[in-house]
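Student: I have a two-chain model open and want to work through it. Can we take it point by point?

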Amino acid sequence: MNLLLVGVNHKTAAVGLRERLAGLIPNLEAAYRSLKTFPEIAEIILYGTCNRVEFLCVAAEPAEALDRLRAFLSRDPEVAPAELEESLYVHQGPEAVRHLFRVAASLDSMVLGEPQILGQIKEAYRQATEHQATGPILNRLLHKTFSVAKRVRTETGIGDHAVSVSYAAVSLARKIFGELTGMTVLLVGAGEMAELALEHLRGQKVGRIVVANRTLERGLRLAERYRGEAVSLEELEAQLLSTDILISSTGSETYLLQRDQVKAAMRRRKQRPLFLIDIAVPRDLDPAINDLDNVYLYNIDDLQEVVEQGWQRRQQEAARAERLVAAETVKFEDWLQTLEVYPTIIALREKAGAISQAELKKTLGQLGPVSEEQLLALEVLLNSVTQKLLHDPIIFLKRDHSMKKSPHRELDLVRRLFNLDLDRETEETEEED
Amino acid sequence: MIDYFVYFVLAAYFGATALWLAFFLIQRESLCRYGAWVLAAGLAAHTLVLIQRTWASGYLPVAVFGEALLLFDWVLVAAFLILNWRYPIRVLGALVAPLAALLVYGSLILPQGQAGVISPLLRGFWLTAHIGLTLGGYAALTLNFLGGIFYLIQERQLKAKKFGFFYRRLPSLSQLDTLNYWCLTIGFPLFTGGIITGSLYAQHTLGRFWSWDPKEVLTLIAWLIYAVLLHERLTVGWRGRRASWLAIMGFLVLAVTFVGANLWISGYHSFSKFVQP
């Protein structure tokens, strides 16, 4: 039994091919139906994210399973076999495990550390279980994947550092205000980047949105789009009193706000913090404003610097994440090794032996002095009871499962039944929260 | 027997320190959960130690500086655990746990005054109220001080636009400022109550409300600093950097009051006067 992963991603395949393969996903029902008919494939899951389509399966004969999958993928007449051959990557065994962990933890993404991928894989797993395509190995692997991805996210902070200017504005705002719910955002002027930042802020459930524009008509249009209010540019100073976050991006040649104006506003605001984002060139806001207490002014260069630092930090964090992934891959491989007949029989016997010895010790403590023969008789009794109890499960395990499509179901069942994987329960509860 | 408990408390607080620092470094949630439990276990043992000492001597154990330190430490850890439960700013533990451990350690290495009769002045309800309120106030204002340090670090990074080691690990400015505000609004009334009960007690026992003893003078200065801070916060909305600096100043004066005035300056409030040979 072996794990086999094949797929295409943004590095290996042009978008055209990715699109056609991703076309399988809306029609999962049919895809899983035909994939499950292949006798070589015991368990399978297919998932797609923005930049990849991958198939992960458990197969007795990986080479044959690979041929099957290739044939399956080139059924689409628009997929050129040569192109597919060139773009397809194949990972087996531990490499496949590592690859899945890296994808889920977003170490293999175009934007390192982006948060959407884990959700997409979770959804794909839900679909796969719905179609009953997965089995004990993939179930365990996917649960493990979710916990690895979660650990990477919380322990390395790979996703904490903003890597786009508009998101940098949001992450800074969160470090100033904490939760952004109910905050008032004032958009001065308009422009692609400013509106993108506004979109991100809306994603954080900000409260009120106010749009100030030189031409009221355009302001009204923007306000309508973002369900906000429109005000004229002359009201800017008055609006400062109720604003928390200001995004400025006008074509003005002079500063719209001077240090003294903001200083006066701060006094009237009772020093409630103010976050000013100036993405206009030339600048809209007097740079000296940043000297004021409780006012944080960032211009476009500052934000770009934040993004630059964010990239560097993500790279550093990625190195730590890779170590975590490597360690977890080894652990998973270890478990996979035990999911064979003989290790399971040994584990069963060891468990039975340990229980008998412990109980014997307890009983001897209560019996008081016993003769040598009596002790021997007790041991023989215990031995034959455990042997006879284990006899049938062991026969069941030793029956030739290799003819079956999924021998691991039985093995997994026995291991669960006798609780042979002690770390398992904690893992699964950990994953759930 | 009970002395071993003190070592258990010490070990628990150092253990919590290790857990909390590890949490600060690698940001694994479970670490600070364990940290809180270990700290709570230490606090339980700490409680037993204090009960035993009160029982044995018949007084709240505050006659010797080391004892007072131990009592203050208990209030601090209890206050932190309540805070951590109601308004979790987890990173704060990375400062509170080591401080708690060092205070226990300090109480162990300072001279333990056993000989002598404890001054009869250390009896009575008003005095217990005076000590309880004052130490409660100290604890809240200490947390305010620690929060102020975090605030200044985080604010510095946001203003200078350079984001280092602390940026990701510290909470947002508004959370830190809220913490500082809470601690001040709880700590200041307690502290004030401590001063009032103390002067009532002084009137009762010594015949005067106020003696211009060094400890009293320093306390007055600290009280004025905190009064200004609270007033400015409420009226003109002082917050953030200035509020943090003032909280730090106030705390330093308090620390001198509590530690310095007892070790170097002599007055009737000094611990050396509580035990009569």
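Student: Is A:A264 buried, exposed or partly exposed?
Tutor: This is a predicted model, in which local features need pLDDT of at least 70, side-chain atom pairs count only at pLDDT 80 or more, and totals for chains, interfaces and linings use all residues. Residues are numbered from 1 along each chain as its sequence is written, while chains are lettered from A and ligands numbered from 1 in the order in which they are written. A residue is buried if 20 or more other C-beta atoms, placed from the backbone, lie within 10 Å of its own, exposed if 12 or fewer, and partly exposed in between. A:A264 has 13 other C-beta atoms within 10 Å, so the class is partly exposed.

Student: Which helix holds A:A264?
Tutor: Helices (H or I, at least four residues) and strands (E, at least two) are DSSP runs, numbered from the N terminus. A:A264 sits in chain A, in residues 259-268, which is helix α12.

Student: How far apart in space are A:A264 and A:I279?
Tutor: In sequence they are 15 residues apart. In space, C-alpha to C-alpha, the separation is 23 Å.

Student: How far is A:L84 from A:A13 in space?
Tutor: A:L84 belongs to helix α4 (residues 81-87) of chain A. A:L84 and A:A13 are 71 residues apart in sequence. Their C-alpha to C-alpha distance is 8.2 Å.

Student: Which residues is A:L84 in contact with, leaving aside neighbours within four places in sequence?
Tutor: Two residues are in contact if their C-beta atoms, placed from the backbone, lie within 7 Å. With 18 other C-beta atoms within 10 Å, A:L84 is partly exposed. Its contacts beyond four places are A:L73, A:S74 and A:V79.

Student: Which residues of helix α2 in chain A are buried, and why do they count as being on the same side?
Tutor: In α2 (residues 28-37), the buried residues are A:A31, A:Y32 and A:L35. The arc is that of the directions from the helix axis to the C-beta atoms. These residues cover an arc of only 90° around the axis, so they lie on the same side of α2(A). On the other side, the exposed residues are A:E29, A:A30, A:R33, A:S34 and A:T37.

Student: What covers the buried residues of α2(A)?
Tutor: Both a strand and a helix of chain A take part. The cover includes β2 (41-49) and α3 (62-73).

Student: How are α8 and α13 of chain A oriented to each other?
Tutor: Axes are lines fitted to C-alpha atoms, for helices over the stretch in contact, and angles run from 0 to 180 degrees between N-to-C directions. Helix α8 (residues 165-177) and helix α13 (residues 300-338) pack at about 90°, with axes 9 Å apart. Angles under 35 degrees count as roughly parallel, over 145 as roughly antiparallel, 65 to 115 as roughly perpendicular and the rest as oblique. So α8(A) and α13(A) are roughly perpendicular.

Student: Which residues meet there, and how do they divide by class?
Tutor: A:V165, A:A168, A:A169 and A:L172 of α8(A) meet A:L303, A:Q304, A:V306, A:V307 and A:G310 of α13(A). Ala, Val, Leu, Ile, Met, Phe, Trp, Tyr, Cys and Pro count as nonpolar, Asp, Glu, Lys and Arg as charged, and the others, Gly among them, as polar. The contact divides into seven nonpolar, two polar and no charged.

Student: Which bond joins A:V281 and A:P282, and what is its omega?
Tutor: A:P282 lies in the loop between β9 (274-278) and β10 (295-299) of chain A. Most peptide bonds are trans. The bond between A:V281 and A:P282 is cis, with omega about -5°.

Student: What is the phi of A:R227?
Tutor: A:R227 is in the loop between α10 (216-225) and β7 (229-232) of chain A. A:R227 is exposed, because 9 other C-beta atoms lie within 10 Å. A:R227 is not a glycine, yet its phi is positive, about 50°.
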